[in-house]
Amino acid sequence: MNGASAKNRRVLVVDDTESIHRTFRDVLAPAGSSAGLDALDALLFGGQGGAPRGPSFELTSAYQGEAALEAVRRSVQVGAPFAVAFVDVRMPPGWDGVETLSRLWEEDPLLQGVICTAYSDCCWEDVMARFGQTDRLLILKKPFDVVEVRQIACALTEKWNRERELEEAVARSSAQDEKHRRLIQSLPDMVLRVDRDGRCLEVKPPRGLAVALQPGFSRDMPVGDALPDDVARRLLDDLRRVLADDTTQVLEYEQPVGGELRHHEARIVGLDAAEALVLIRDITERRRAEAAAAEQRAQQEIIREQARALEALSMPLIPITDDITVMPLIGHMDRYRMQQVQATLTAGISARKTRVAIVDLTGVPSLGPDAADEIVKLAQAARLLGTEVVLTGIGPRIAQELTRVGRDLGGVTTRLTLQSGVAFAMMKR
């Protein structure tokens, strides 16, 4: 039932007299406007004679109690129940109004009832003796007053709708509470509901993790009793800060559990000005993983530093004379390492005014696919600086690799051994 247009204004009239049904239709569901009803609406709802009319009702007629019961049963089955039933107290030869209303309520307990009776038919005491104290029943005395009939219909249908809205709101709230309860139950954390003094009002134990508090901890105990003194003081300080400032506080602490030191995280979230939730999570494995990752990063950095040092050692620039230098290379050479060789060699050539640079490949077992290009670039860069490059120690495998990639070393002096390369450089002097 959402919005005024969706409100239930279905009314059941139960009477054995046709004229009574016509009267109810004229009052509650008139086919057209009349001066008398316009004046009645103005009286009931305020406004002027030309103002919009009050609510119109959807009427269903039943002439005996059995027919009324069937109509109520069908309305409940199709999800369109009646809000109000006006029931005449005398309907021979069938059930009287009290019996009829009793059976209608068995079928639909939310139905609002009105017993229509003359003073001589029955009294309030008789009705109370049958139904007891109830707020779902009114007695309408005959002869009817049209203002009273319309007023009762408006009030009881509105009451029915308000009660249904309240019932639906309670159901939604209960469903939401159940959803929150299941959500909290699904958390792996230990969850505590505590008051401002740290006293535990409710406990949800952890799932699958080490117990975050001392064994035996339960509700009605101060949380601080299960924590080290310094942690208890910090938690109470954070708790009061959360309740005062509506913030979230997180603290970490260590505590021996089961013979080992465990790490825990306590997250404090305010519920209102007097209560808060404390979520305690065992973060031991996370801390261990973080420590292992940090150690691994440190080890990797050490390895990188060692690699850089080895690189520097594997390509030293050794002066033979003032204008002759030797660079013995060691290990597999790829494009990156050859670029490092070129940078080191050209810097040394420039600094020492080198005339002949000997690059010895005796300690190089193989070349990467792009290393041959870098060798040619090395010789060209040295030549631009006025230095002649002599390659020595080219073994059969290196020679095959250079041949396979089709690199021409024309213009680059080569010698079989380092000794012959040094002799060549000395003769050039």
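This is a predicted model: local features need pLDDT of at least 70, side-chain atom pairs count only at pLDDT 80 or more; totals for chains, interfaces and linings use all residues.
Biologist: How do you know that the length of helix α3 (residues 65-77) agrees with its 13 residues?

Modeller: At 1.5 Å a residue, those 13 residues should span 18 Å, and the end C-alpha atoms of α3 are 18 Å apart, so the two agree.

Biologist: Which residues of α3 are buried, and what makes them lie on one side?

Modeller: Gly65, Ala68, Leu69, Ala71, Val72 and Ser75 are buried in α3. They cover an arc of only 160° around the axis, and therefore lie on the same side of α3. Their cover includes β1 (10-14), β2 (58-62) and α4 (97-107).

Biologist: Why are helices α9 and α10 called roughly parallel?

Modeller: The axes of α9 (residues 335-352) and α10 (residues 371-384) cross at roughly 10° and come within 9 Å. Angles under 35 degrees count as roughly parallel, and therefore α9 and α10 are described in that way. Residues in the contact include Met338 and Leu345 of α9 and Ile375 and Leu378 of α10. By class, this contact has 9 nonpolar, 3 polar and 3 charged residues.

Biologist: Why is aspartate 246 called exposed?

Modeller: Exposed means over 50% relative accessible area; aspartate 246 has 65% and is therefore exposed. Aspartate 246 lies in the loop between α7 (229-245) and β8 (248-257), and has a positive phi of about 55° although it is not a glycine.

Biologist: What makes lysine 353 count as buried or exposed?

Modeller: The relative accessibility of lysine 353 is 66%, so this residue counts as exposed under the cut-off of over 50%. Lysine 353 is placed in the loop between α9 and β13 (356-363), with a positive phi near 55°.

Notes. Residues are numbered from 1 along each chain as its sequence is written. Side-chain values use heavy atoms; hydrogens and water are left out. Helices (H or I, at least four residues) and strands (E, at least two) are DSSP runs, numbered from the N terminus. The expected span of a helix is 1.5 Å times one less than its number of residues. Buried means under 20% relative accessible area, exposed over 50%, partly exposed in between (1.4 Å probe, protein chains only). The arc is that of the directions from the helix axis to the C-beta atoms. Contact means heavy atoms within 4.5 Å. Axes are lines fitted to C-alpha atoms, for helices over the stretch in contact, and angles run from 0 to 180 degrees between N-to-C directions. Angles under 35 degrees count as roughly parallel, over 145 as roughly antiparallel, 65 to 115 as roughly perpendicular and the rest as oblique. Ala, Val, Leu, Ile, Met, Phe, Trp, Tyr, Cys and Pro count as nonpolar, Asp, Glu, Lys and Arg as charged, and the others, Gly among them, as polar.
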